[in-house]
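Subject: Structure handover

Hello,

Here is the structure I said I would pass on. My notes on it follow below.

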Amino acid sequence: MMIDTTQERFTRDVIDVSHELPVLVDFWAPWCGPCRVLGPMLEKLEAAYDGRFRLVKVDSNRNPDLSAQFGVRSIPYVVAFVDGKPVNGFVGALPEAQLRAFIDKVVPNPSEIQRRKALRLAGSGDLAGAATSLRSAIALDPDSDAALIDLANVLLTQADGKSVAEAREALERVSKLRRGEPAVAALETRLAALEKSASLPSRQELEARIAAHGGDVQARFDLANRLIAERRFEPALEQLLAIVERDRNFGEDAGRKTMLAVFDLAADQRELISSFRRRLAAALNR
């Protein structure tokens, strides 16, 4: 579905679309012989790749400012855009085999296309749609760690019984190599918290136990897990820090280890994490 664009439509036709799938921009001109060779080849490949990239043409004669913006000095000149930015390019009419090699470097596989779609849906708040797209991505590539991790993350955000069970299944399929990553460990922590919370005493009961006996580190840990499951990270960190201060040996240093996992879970709350990192360091150095 090749389209012609202009300076005025470039952002909409190229930059915006490139956040969904790669866009190849072909700078050409009617008088350019090699352009008349390359253009039809690119159109043929766009159809052959079945929607995995978008072809957009820019008439350099009619859009000199746009050509100057991208430093076009010789045509045909093709630039690949991904996520709003130019990532690769070439000058001249390449043979088809070289064109395919160029395209293959910037075009994601069908599984990755579904994963990108899922991330956009999740960003707009459509978690159910995101989960459906991620399941499709995994069906296309069962070994896609990225899609499995993303699915677990989306499901844990929904956090009902069925989604928690599916999240556990997804994380168990992640390769051993990726399981050691902080982001995956953080998901494991929240998953464990959600699983434990179903069998834990109520928050009111745990708070009463702590009020009666501040040294009850098990009650503090159980309460922290309840709070993590609810994504209430600040009060959870308060309880975990109290455990570190009172008993470093509890649960093989569970207080400190769980705090580190919560730091990854709440990575977007920079001030909160920075504050608790300082407080944890102070507690460890006493």
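Is D253 buried or exposed? D253 is buried, because its relative accessible area is 10%. Please keep in mind throughout that this is a predicted model.

Backbone

D253 is not a glycine, yet its phi is positive, at about 70°. The residue is found in the loop between α13 and α14, the latter covering 254-265.

R231 is another case: its phi is near 60°, again a positive value in a residue other than glycine. R231 has its place in the loop between α12 and α13, where α13 spans 233-246. With a relative accessible area of 37%, R231 is partly exposed, whereas D253 is buried.

There is also a cis peptide bond, which joins I75 and P76, with omega about 0°. P76 sits in the loop between α3 and β4. As background to these entries, most residues other than glycine have a negative phi, and most peptide bonds are trans.

Sheet

Five strands make up an open sheet with mixed pairing, in the order β1-β3-β2-β4-β5. At its edges are β1 (3-4) and β5 (85-91), each of which pairs on one side only. Strands β2 (residues 23-28) and β4 (residues 77-82) run antiparallel and are joined by five bridges. In this pairing, F27 has Y77 of β4 as its bridge partner.

Helix α4, residues 96-106, lies across β2, β4 and β5. Its direction is at about 170° to β5.

Aromatic rings

The search of the whole structure gives eight aromatic pairs. Two of them are described here. A pair of aromatic rings is described by the distance of the centres and the angle of the planes.

F70 and F81 form an edge-to-face pair, with 5.5 Å centre to centre and 85° between the planes. This pair links distant parts of the chain: F70 is in the loop between α3 (64-69) and β4, F81 is in strand β4, and they are 11 residues apart. F81 is buried, because its relative accessible area is 1%.

F90 and F102 also form an edge-to-face pair, at 4.9 Å centre to centre and with 80° between the planes. Here too the pair links distant parts of the chain, as F90 belongs to strand β5 and F102 to helix α4, 12 residues apart. Both F90 and F102 are buried.

One aromatic cluster is formed by F10, F27, F70, Y77 and F81. The bridge partners F27 and Y77 are thus listed in it, along with the edge-to-face pair F70 and F81.

Helix packing

Two packed helices are described by the angle between their axes and the distance between the axes. I have notes on two such contacts.

For helix α10 (residues 182-197) and helix α12 (residues 217-229), the axes come within 8 Å and cross at roughly 110°. That angle makes α10 roughly perpendicular to α12. On the α10 side the contact is made by T189, R190, A193, L194, K196 and S197, and on the α12 side by F221, N225, R226, I228 and A229. These residues divide into five nonpolar, three polar and three charged.

For α13 and helix α15 (residues 270-284), the axes come within 10 Å and cross at roughly 5°. Therefore α13 is roughly parallel to α15. From α13, the residues F233, E234, L237, E238, L241, V244 and E245 meet L272, I273, F276, R279, L280, A283 and L284 of α15. In this contact 10 residues are nonpolar, none polar and four charged.

M2 has its place in the segment before β1. M2 is partly exposed, because its relative accessible area is 29%. What does M2 contact, leaving aside its neighbours within four places in sequence? The contacts of M2 are with E43, E46, L55 and K57. The C-alpha atoms of M2 and F70 are separated by 20 Å, with the two residues 68 apart along the chain.

Regards

Key
Residues numbered from 1 in each chain as written. Predicted model: local features only at pLDDT ≥ 70, side-chain atom pairs only at ≥ 80, totals over all residues. Heavy atoms only, no water. Axes fitted to C-alpha atoms, helices over the stretch in contact; angles between N-to-C directions. Helix = DSSP H or I, 4+ residues; strand = E, 2+ residues; numbered from the N terminus. Parallel < 35°, antiparallel > 145°, perpendicular 65-115°, else oblique. Contact = heavy atoms within 4.5 Å. Nonpolar A, V, L, I, M, F, W, Y, C, P; charged D, E, K, R; others polar. Pairing = 2+ DSSP bridges. Phe/Tyr/Trp six-rings, centres within 6.5 Å; stacked < 30°, edge-to-face > 60°. Buried < 20%, exposed > 50% of the residue type's maximum accessible area, 1.4 Å probe, protein only.
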